[in-house]
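Colleague: Could you take me through this model and, for each label you attach, set the value against the rule behind it?

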Amino acid sequence: QVQLVESGGGLVQPGGSLRLSCAASGSIFTMYLMGWHRQAPGKQRELVAVITSGGRITYADSVKGRFTISRDNAKMVNLQMNSLKPEDTAVYYCNAGLRTAEETYLNVWGQGTLVTVSS
């Protein structure tokens with residue numbers, strides 16, 4: 001079994017900052033990419049940022065210049081969120097694409113962490 005555990009969500013005022021972290025555990029042989037998606041109330045889940053094992057990074061246009069994704073190691077990814085806006089309010093989900101030691105390819109999701117931006 002492979003699990004992703006997120007941490008760091010919460011309530012923040014507009015203009016503030018939060019840092020999300022996601023740690024992967026389990027029988028992981030190769031981690032191809034890790035990233036963050038979010039889902040606001042009444043909206044579809046959308047990509048926020050993703051980083052590949054080779055270090056290639058993609059951001060949603062709405063967060064460019066404000067959010068930074070980084071990896072501490074092959075199994076941990078962070079999302080530094082600055083200059084937060086009310087429209088950033090959403091449940092943030094960690095996502096990973098990987099191959100297990102049993103040579104199974106998986107797309108794994110965390111349970112989600114709520115980020116609320118409000119005064």
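What follows is a conversation about the labels and the values behind them.

Modeller: This is a predicted model, in which local features need pLDDT of at least 70 and side-chain atom pairs count only at pLDDT 80 or more, while totals for chains, interfaces and linings use all residues. Residues are numbered from 1 along each chain as its sequence is written, and side-chain values use heavy atoms, with hydrogens and water left out.

Colleague: What makes Arg38 and Asp88 a salt bridge?

Modeller: The term requires a side-chain nitrogen of Lys or Arg within 4 Å of a carboxyl oxygen of Asp or Glu. The side chains of Arg38 and Asp88 come to 3.0 Å, N to O, so the pair meets that rule. By this rule the count comes to 4 salt bridges.

Colleague: Why is Arg38 called buried?

Modeller: Buried means under 20% relative accessible area, exposed means over 50%, and partly exposed is in between, with a 1.4 Å probe and protein chains only. Arg38 has a relative accessible area of 5% and is therefore buried, and Asp88, at 1% relative accessibility, counts as buried too.

Colleague: Which accessibility classes do Lys64 and Asp61 fall into?

Modeller: Lys64 forms a salt bridge with Asp61, with the closest N and O atoms 3.0 Å apart. Lys64 has 49% relative accessibility and so counts as partly exposed, whereas Asp61, at 65%, counts as exposed.

Colleague: How do you know that Glu6 has no salt bridge?

Modeller: Lys and Arg count as positive and Asp and Glu as negative, with His and the chain ends not counted. For Glu6, which is buried, the nearest side chain of opposite charge is Arg45, and that is 7.8 Å away.

Colleague: What, then, lies around the side chain of Glu6?

Modeller: A polar atom of the Glu6 side chain lies 2.7 Å from the backbone nitrogen of Cys94, and the backbone nitrogen of Gly112 lies 2.9 Å from a polar atom of that side chain. Not counting residues up to four places away in sequence, Glu6 touches several residues, including Trp36, Tyr92 and Thr113, where contact means heavy atoms within 4.5 Å.

Colleague: What makes β1 and β3 a pair of strands?

Modeller: Two strands pair if DSSP finds at least two bridges between them. β1 (residues 2-7), which holds Glu6, is joined by 6 bridges to β3 (residues 18-26), and the two run antiparallel. In β3, the bridge partner of Glu6 is Cys22. An open sheet is formed by 4 strands in the order β1-β3-β8-β7, with antiparallel pairing.

Colleague: Why are β1 and β7 called edge strands?

Modeller: β1 and β7 (67-73) each pair on one side only.

Colleague: What makes the phi angles of Ser83 and Glu103 worth a remark?

Modeller: Most residues other than glycine have a negative phi. Ser83 has a positive phi of about 50 degrees although it is not a glycine, and the residue is found in the loop between β8 and β9. Ser83 counts as partly exposed at 40% relative accessibility. Glu103, also not a glycine, has a positive phi of about 65 degrees, and its place is in the loop between β9 and β10. Glu103 is exposed, with a relative accessible area of 59%.

Notes. Polar contact = N/O pair within 3.5 Å; in protein donor to acceptor, adjacent residues only side chain to side chain.
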